[in-house]
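Colleague: Please take a close look at the surroundings of the ligand in this model. What lines the site, and which contacts are made there?

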Amino acid sequence: MLSTEQIPDWAADPRTRAGRVAARFRERFASEPELWARAPGRVDLMGSHTDYNLGFVLTLPLSRDTWIAARRRDGRTVRVYSMNLDAEDEFRLDAIDRISGSTWCNYVRGVAATLQNEGFELTGCDAAIHGTVPLESGLSSSAALESAVATMFAGLGDWNLTAERKALLCQKAENEFVGVKCGILDQYSSCLGREGCALLLDCRDLSTRAVCIAAGIRIVVCNTMSRRRLSGSEYAQRRAECEQAAALLGVSALRDVTPEMLAAGRHELPERVARRAEFIVAESARAESLARALTAGDRPAVAQLCAESFAGARDLYEICSPAMSAMMDAMLAAPGVIGARQAGAGFGGCMVALVDAARTDAFRAAVRDAYYDSTQVHAEIYPVEAASGAAVFDIAEIGK
Ligand code: ADP
Ligand code: MG
């Protein structure tokens, strides 16, 4: 169920979006929402698959986000409606069952169950969800949904949850309740975002550093619109290969391996496992280097780091698809491009380009045309801003 739908025009304007969500809430639940929560998606600017290796990622919490309008209700029933899917779920807080198979309901239920298991007091509620993060496209709509749900329950229950703990509990919900073994990147990005900044996240100690991007550089998301086929099983396989590499090199995670250590121990590793390790060790170092280059506005360094990242993803980590190669060609040939690479776990979905701000429109048009010429697919190409992390917000202030 891949969203190939461009975000509707009304959703691009926050006031119109608020009006639409409130109207839908009234329609479904015959009352007014009393609390609004939002949480951003993210795009990784550097650091593919480094999070579960406890390395570095440079991540950008996005202006594309998930909103929830909610109202407390008497009793222990939770009713949630997703505008994106036009689907409703209802469950009782006393007995939160996982629904078998992969379904959106488990993301909401999982967060509720995890919060309750930690001793938080949850109230029954009605909630309407609306996201502008494309679903299943590598911009982490799942973490945006989880973080928004956790923020909503905290707001309705009037208790406090730090951004760090919220992120960890949302990850636990996705790992254990939904059953997706994601690393911490997505939830941390969604919970700890700072407006106007990228974040350099150290996935070992979970510290973050705000990274300013030099004026004149824009981040543009380029969605291949192709399904991330086999991404679940391939993802699990990459994780297993990295664990194998770490074990054979005598460390607990590839984070602890330097390029020199890898060169010395490479002969101990099966050839494919060695290539995986080589990519991770270099990619984690590139996340730190790109943070420096973006702040300094060092465009040649940005170009080179992105090119190395994509080449490694294609040849060493093997997470590329034909659609991604076509998009890469289109991005690199477009006016204003500074650097371009994969995003998310790979295998299709979204990619990311760093573009000269003054030429963003020309870049978008050229990429769209070139990608269509080679694939006959209409790609969604849009600039994004860095957004703040999950929080409740005052609907009266929206769009002011
Ligand atoms: P990604 O996180 O890259 O978007 P995932 O496969 O991890 O992709 O998560 C996508 C899933 O999250 C969707 O298939 C759906 O189950 C759930 N989801 C995310 N946003 C929403 C939403 N607004 N409404 C309902 N479900 C959503
Ligand atoms: Mg996800």
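The shell around ligand 1

Modeller: By class, the shell around ligand 1 has 9 nonpolar, 7 polar and 2 charged residues (Ala, Val, Leu, Ile, Met, Phe, Trp, Tyr, Cys and Pro count as nonpolar, Asp, Glu, Lys and Arg as charged, the others, Gly among them, as polar). The model is predicted, with pLDDT of at least 70 needed for local features and 80 or more for side-chain atom pairs, while totals for chains, interfaces and linings use all residues. Residues are numbered from 1 along each chain, chains are lettered from A and ligands numbered from 1 in the order written, and side-chain values use heavy atoms, without hydrogens and water.

In total, 18 residues surround ligand 1, each with a heavy atom within 4 Å of the ligand. Ser82, Asn84, Glu136, Ser141 and Ser142 are the closest. The shell takes 3 residues from helix 4, residues 141–157, and this is the most that any element gives (a helix is a DSSP run of H or I, at least four residues).

On the ligand's nitrogen side, a polar side-chain atom of Ser82 sits 2.8 Å from a nitrogen atom of ligand 1. Ser142 places a polar side-chain atom 3.0 Å from an oxygen atom of ligand 1. Gly138 takes part through its backbone, with a polar atom 3.1 Å from a ligand 1 oxygen. Ligand 1 exposes 570 Å² when taken alone, and the protein buries 89% of that (Shrake-Rupley areas, 1.4 Å probe).

Terms used: A polar contact is a pair of N or O atoms within 3.5 Å; within protein, one must be able to donate a hydrogen and the other to accept it, and residues adjacent in sequence count only if both atoms are side-chain atoms. Helices (H or I, at least four residues) and strands (E, at least two) are DSSP runs, numbered from the N terminus.
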